[in-house]
Amino acid sequence: MTFARTALIGGLATLVAPMAMAQDAATSDLPIAVQMYTLRDHGTLDEQLAAVQAAGVTAVETVGMQDSTAEDLSAKLQEYGIEAISTHAQLADLRADAQAVIDFNKAIGNDVITVPYLVEEDRPADAAGWTALGEELAALSETLQAADMTLAYHNHDFEMVEFDGRTALEIMMEAAGEDVMAELDLAWVARGGLDPVEYLGRFDDRVFAIHAKDNAPEGEAEDERGFKALGEGTLDWAAILPAAEEAGAQWYIIEHDQPLDAAEVVMTGATFLTENLPDSATR
């Protein structure tokens, strides 16, 4: 969004609403979403969606079925003016009944299924194992594509282990094929010892989204698993955000693994991204 357009929207908003609404309008124009895992302990589903709405964000990444029926979740999303742009679906659920995952997400209007985490027994120990996992994801992707849906994969730090100079995530994604997208959690990339800016460049045109969260300085925020609200930690967002745009990121998803105040983390993240996303970041 250009500065002129932002100013115009803000100017018009002051005529009909408090100044805070101008920021809400700008935020809703941008590819900003919230990972609902961040809000899992923030009261009821209504209270969680209200926190997203209050931050001016109009998109979420859901967690499984959100302890809801598709009909009820769809109704609540509509009530709060929020769309589902992805869901985190466990690999075990996709293995057991991919069609059930497809049907639920079709019903709430979502078309991206993201594998969020590998339990320890599912983590390969060598390059051949990561290749085999990638091939399994390729097969799952074909099933999803037949339903006009996309498969993505979200990393932690354990995928940053290297085999002959290549990370496990790169090996797996190569085997998965270009139709499987990357959802890069850059805080975990940094915790894995790699530079998020450089690492984004390894996935040009395959980045569905980044998880936008921050790491605290070493020894701080231990009651929040060492994470900080976006822009308040150690990651270099002035370099990361342009790099994410260059890599083709479609969404910037606010997340915090263990926030003390989830609503505040969402508000802080939304404000930070609204003020700092490159002009080319559009929905």
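Let me start with a helix pair. The axes of helix α5, residues 91-107, and helix α6, residues 127-145, come within 11 Å of each other and cross at roughly 10°. The axes here are lines fitted to C-alpha atoms, for helices over the stretch in contact, and angles run from 0 to 180 degrees between N-to-C directions. Helices (H or I, at least four residues) and strands (E, at least two) are DSSP runs, numbered from the N terminus. α5 and α6 are therefore roughly parallel to each other; angles under 35 degrees count as roughly parallel, over 145 as roughly antiparallel, 65 to 115 as roughly perpendicular, and the rest as oblique.

A word on the source. This is a predicted model, where local features need pLDDT of at least 70 and side-chain atom pairs count only at pLDDT 80 or more, while totals for chains, interfaces and linings use all residues. Residues are numbered from 1 along each chain as its sequence is written, and side-chain values use heavy atoms, with hydrogens and water left out.

Back to the pair. On the α5 side the residues are Leu-91, Leu-94, Arg-95 and Ile-102, and they meet Leu-133, Glu-136, Leu-137, Leu-140, Thr-143 and Leu-144 of α6. Contact means heavy atoms within 4.5 Å. Sorted by class, this contact has seven nonpolar, one polar and two charged residues. For the classes, Ala, Val, Leu, Ile, Met, Phe, Trp, Tyr, Cys and Pro count as nonpolar, Asp, Glu, Lys and Arg as charged, and the others, Gly among them, as polar.

Now α6 by itself. At 1.5 Å a residue, its 19 residues should span 27 Å, and the end C-alpha atoms are 26 Å apart, which agrees. The expected span is 1.5 Å times one less than the number of residues. Which residues of α6 are buried? They are Trp-130, Leu-133, Gly-134, Leu-137, Ala-138, Leu-140, Ser-141 and Leu-144. Buried means under 20% relative accessible area, exposed over 50%, and partly exposed in between, with a 1.4 Å probe and protein chains only. The cover over these α6 residues includes α5, β4 (112-115), β5, β6 and α7. Ala-128 is also in α6, but this residue is exposed, at 56% relative accessible area. From Ala-128 to Ala-168 is 40 residues in sequence and 9.8 Å in space, C-alpha to C-alpha.

Ala-168 takes us to α7, residues 168-176. Seven of the nine residues of α7 are buried, so this helix is largely enclosed by the rest of the structure. The buried ones are Ala-168, Leu-169, Glu-170, Ile-171, Met-172, Met-173 and Ala-176. They pack against α6, β5 (150-154), β6 (162-163), β7 (166-167), β8 (181-185) and α9 (196-200). After α7 comes Gly-177, with a positive phi near 95°.

Next, some loop residues. Where is Phe-158 found? Phe-158 sits in the loop between β5 and β6 and counts as buried at 17% relative accessibility. Leaving aside neighbours within four places in sequence, Phe-158 is in contact with Tyr-117, Leu-118, Arg-123, Trp-130 and Tyr-153. Trp-130 is one of the buried residues of α6.

Leu-194 is in the loop between α8 (186-191) and α9, and is buried, also at 17%. With neighbours within four places again left aside, its contacts are Met-160, Glu-162, Thr-167, Val-189 and Tyr-199.

Met-36 lies in the loop between β1 (32-35) and α3 (45-54), buried at a relative accessible area of 2%. Not counting residues up to four places away in sequence, Met-36 touches Leu-45, Gln-48, Leu-49, Val-52, Val-60, Glu-61, Thr-62, Val-63 and Gln-66.

Are they buried or exposed? Asp-67, in the loop between β2 (59-63) and α4 (70-79), is exposed at 86%. Ala-221, in the loop between β10 (214-215) and β11 (227-228), is buried at 17%.

Last, the annotation. An unreviewed UniProt entry places "domain: Xylose isomerase-like TIM barrel" at residues 49-270. UniProt positions are given in the numbering used here, feature names are shortened, and annotations may be inferred rather than shown by experiment. Over residues 49-270 the chain is 41% helix and 19% strand, with the end C-alpha atoms 14 Å apart.
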